[in-house]
Amino acid sequence: MDAAQPTETQLVLQATWSDAAQGRAVQRFGQLVRGAGSHPGTLKLVLTHLDETLGLGAALGAAQRLQLEMVYYSDGQSVPRDLHPAAPEALAAELLGMA
């Protein structure tokens, strides 16, 4: 990662994982990113498999609990169609069932 000099690193997690599994992944991946000299705040979250969960609320809870900014989420297997930017407006529409 040193040679790439990333300005942002995205951790991809399944929304179906347990809280403990998500937390362990963030901890281990965070150590790798920090060890490579990345700055705090450059680790972002991409949540997948939202179509297999009870809803987006759990995903937002995971992002808050993990203290990571969610930048994308996916709700299906067709990429790029099912990969969505985690813009506040889109998340609100999804939560309200307006998407």
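Figure 1. The mean pLDDT of the protein is 78, with 81% of residues reaching 70 or more; pLDDT is the predictor's confidence in each residue, from 0 to 100. What you see is a predicted model, where local features need pLDDT of at least 70 and side-chain atom pairs count only at pLDDT 80 or more, while totals for chains, interfaces and linings use all residues. Residues are numbered from 1 along each chain as its sequence is written, and side-chain values use heavy atoms, with hydrogens and water left out. Confidence is lowest in helix α1 (residues 19-35), at a mean of 75, and highest in β4, at 92. Where pLDDT is low, the predicted coordinates should not be read in detail.

**Figure 2. The protein's layout, from end to end.** The protein has 3 helices and 4 strands. Here helices (H or I, at least four residues) and strands (E, at least two) are DSSP runs, numbered from the N terminus. Starting at the N terminus, the order is β-α-β-α-β-β-α. Of the 99 residues, 33% count as buried. Buried means under 20% relative accessible area, exposed means over 50%, and partly exposed is in between (1.4 Å probe, protein chains only). The accessible surface comes to about 6300 Å², and 54% of that belongs to carbon and sulfur atoms. Those areas come from the Shrake-Rupley method with a 1.4 Å probe, and for residues only the protein chains shown count as cover. Take the contacts between residues at least 6 apart in sequence: 58% of them join residues at least 24 apart. Contact means heavy atoms within 4.5 Å.

**Figure 3. Lysine 44 and glutamate 69 pair up.** A search of the whole structure finds 2 salt bridges, a salt bridge being a side-chain nitrogen of Lys or Arg within 4 Å of a carboxyl oxygen of Asp or Glu. One of them joins lysine 44 to glutamate 69, with the closest N and O atoms 2.7 Å apart. This pair links distant parts of the chain, since lysine 44 sits in strand β2 (residues 43-48) and glutamate 69 in strand β3, 25 residues apart. Side chains of opposite charge can pair when their charged atoms come close. Lysine 44 is buried, because its relative accessible area is 12%, whereas glutamate 69, at 45%, counts as partly exposed. Leaving out neighbours within four places in sequence, glutamate 69 is in contact with Lys44 and Leu45. Threonine 42 is 27 residues from glutamate 69 in sequence, and their C-alpha atoms are 9.3 Å apart in space.

**Figure 4. Aspartate 82 in its loop.** Look between β3 (69-74) and β4 (83-85): the loop there holds aspartate 82. Its side chain meets that of arginine 81 in a salt bridge (3.4 Å, N to O). Setting aside neighbours within four places in sequence, aspartate 82 is in contact with Tyr73, Ser74, Asp75, Gly76 and Gln77.

**Figure 5. A nonpolar patch that includes leucine 83.** Tyr72, Val79 and Leu83 make a nonpolar surface patch of about 260 Å². Patches are made of residues with over 30% relative accessible area and no salt bridge; like charges are joined within 9 Å, and nonpolar side chains (Val, Leu, Ile, Met, Phe, Trp, Tyr) within 5 Å. Leucine 83 lies in strand β4 and, at 33% relative accessibility, counts as partly exposed.

Figure 6. Threonine 48 lies in strand β2, and glutamine 14 in strand β1 (residues 9-14). At 15% relative accessibility threonine 48 counts as buried; glutamine 14, at 27%, counts as partly exposed. Not counting residues up to four places away in sequence, threonine 48 touches Val12, Leu13, Gln14, Ala15 and Ser74.
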